[in-house]
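The following note sets out points for a colleague who is meeting this structure for the first time. It should be read with the model open.

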Protein chains: 2
Amino acid sequence: MSLVRVQNFAISLDGFGTGEGQTRKEPFGHAGERLHDWMFASQAGRRMLGQPGGTAGVDDAFTRLFAPGIGAEIMGAHKYGYPGWEKDPEYKGPWGPNPPFHTPVFILTHHTRPPIEMEGGTTYHFIDASPAEALAAARKAAGGKDIRIGGGPTMLREFIKAGLVDHIHVVVVPILLGRGVRLWDGLEGLEKNYQIESVSSPSGVTHMTFTCAAHH
Amino acid sequence: MSLVRVQNFAISLDGFGTGEGQTRKEPFGHAGERLHDWMFASQAGRRMLGQPGGTAGVDDAFTRLFAPGIGAEIMGAHKYGYPGWEKDPEYKGPWGPNPPFHTPVFILTHHTRPPIEMEGGTTYHFIDASPAEALAAARKAAGGKDIRIGGGPTMLREFIKAGLVDHIHVVVVPILLGRGVRLWDGLEGLEKNYQIESVSSPSGVTHMTFTCAAHH
């Protein structure tokens, strides 16, 4: 059975998965790129930017788990675009002509439109669906591979709350954002459903993995 | 100059320093003892309970830093007692006749009363004071040693916000309490004032130390 996975989802120490004031230029609002500095300092992260070098430790190891074995991603409308993207018929996401997904991507939105085929194997599908329905559609498209839940925090929280996520990799970044969208709200007792491991990196972040108890 | 320190202050992954529904029997409310299991599993923690054995790794190392070099503690009224303790003239705290502090302890309360001398060097002083005033009183009593800020989360947050704390040791416990009193509210950008280090323990908790940049 294919797994439903979250990879490299970064939150601040006070639990925010994105900052306040998201715009087209600042998709994470006042958080800027601070939630992802650890990733772009790694070898795999620098390669995404077309740059050499980078760290080769635990941050790099986790960053490399983003793509292997994944057959489709599901993301929320706030990850796909800035507030108001639904009104722009030409908008094709913030990742350029060759997005880093290279699989079908299902975007949860009340404003559906026809699929958009991008370079490199990414196709954007716009669906107005519940988490369980979206997962069924993604599973069909994933050819037996795993499904990645891409966030943002609101949709990720909904998938977790619905008990649909097998494996969660969360990265706690030692900054206090103070405002934005929290990941953990309303998830009391989540630890009962998962085996949790933590490992701190010399970069300062702490990687936490939640693995569904049923898979042990 | 003596330092103002926080030692072994535990929070849940979603940031709560205490649970909801605090009572005389459950000082941490619905959190129970779950925020402190890591401590009482260590050698130093088990010794506090009069029990042999325990872990001897990083959890034990941090637990042992509770007392050395400390000349006084400041704590909030909610740490000292259950809701309503102010109405009980015989109440002497939840730690029994020989409390684990062995120094003067300053309790911040609007309901002051004469000092109470306990066994083992602990004296409870009840003061109605601002964080800065309380710190001045504690410094006077500490004989040049460090001051420990004991919590709970509300008073700790006020001391941090006032810029009075040199060193913070926070322990992130991988449980989601969902409700209670948050530590980090209103502290956006705190990382600018501190050097932060993290280390995960095999027990599952992550120890974070915040050291005031001015001391580097």
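1. The structure is a predicted model. Ala129(A) is found in the loop of chain A between strand S6 (123-127) and helix H5 (131-141). Leaving aside residues up to four places away in sequence, Ala129(A) touches Leu108(A), Ala134(A) and Ala137(A). By contrast, Met118(A) is 11 residues from Ala129(A) in sequence, and the two C-alpha atoms are 22 Å apart in space.

2. The next point is the relation of the two chains. Chain A is superposed on chain B by a rotation of 180° with 0.0 Å of shift along the axis, and the RMSD is 0.0 Å. The two copies are therefore related as by a two-fold rotation axis. Which residue of chain A comes closest to the rotation axis? It is Ser200(A), whose C-alpha lies at 2.8 Å. The same surface serves both copies, since 100% of the contact residues of chain A recur in chain B.

3. The contact itself takes 23 residues from chain A and 23 residues from chain B. On the side of chain A that touches chain B, strand S10 (194-200) and strand S11 (206-212) each supply at least two residues. S10(A) gives the most to this side, with four residues. By type, the residues of the side of chain A that touches chain B divide into 11 nonpolar, eight polar and four charged.

4. In chain A, the peptide bond that joins Gly151(A) and Gly152(A) is cis, with omega about 5°. Gly152(A) lies in the loop between strand S7 (146-149) and helix H6 (153-161) of chain A. In chain B, the bond from Gly151(B) to Gly152(B) is cis, with omega near 0°. Gly152(B) lies in the loop between strand S7 (146-149) and helix H6 (153-161) of chain B.

5. Asn8(A) has a positive phi of about 65°, and its place is in strand S1 (residues 4-12) of chain A. Is Asn8(A) buried or exposed? Asn8(A) is buried, because 22 other C-beta atoms lie within 10 Å and the cut-off for a buried residue is 20 or more. His102(B) has a positive phi near 60°. The place of His102(B) is in the loop between helix H4 (77-80) and strand S4 (104-108) of chain B. With 16 other C-beta atoms within 10 Å, His102(B) is partly exposed.

6. The last point concerns helix H6 of chain B. Which residues of H6(B) are buried? They are Pro153(B), Met155(B), Leu156(B), Phe159(B) and Ile160(B). Seen down the axis of H6(B), these buried residues fall within an arc of 165°, so they line one face of the helix. In general, an α-helix has 3.6 residues a turn, so residues three or four places apart point the same way. After H6(B) comes Gly163(B), which has a positive phi near 70°.

Definitions and conventions: Residues are numbered from 1 along each chain as its sequence is written. Chains are lettered from A and ligands numbered from 1 in the order in which they are written. This is a predicted model: local features need pLDDT of at least 70, side-chain atom pairs count only at pLDDT 80 or more; totals for chains, interfaces and linings use all residues. Two residues are in contact if their C-beta atoms, placed from the backbone, lie within 7 Å. Ala, Val, Leu, Ile, Met, Phe, Trp, Tyr, Cys and Pro count as nonpolar, Asp, Glu, Lys and Arg as charged, and the others, Gly among them, as polar. Copies are superposed by least squares on the C-alpha atoms of residues with pLDDT of at least 70 in both. A residue is buried if 20 or more other C-beta atoms lie within 10 Å of its own, exposed if 12 or fewer, and partly exposed in between; C-beta atoms are placed from the backbone. The arc is that of the directions from the helix axis to the C-beta atoms.
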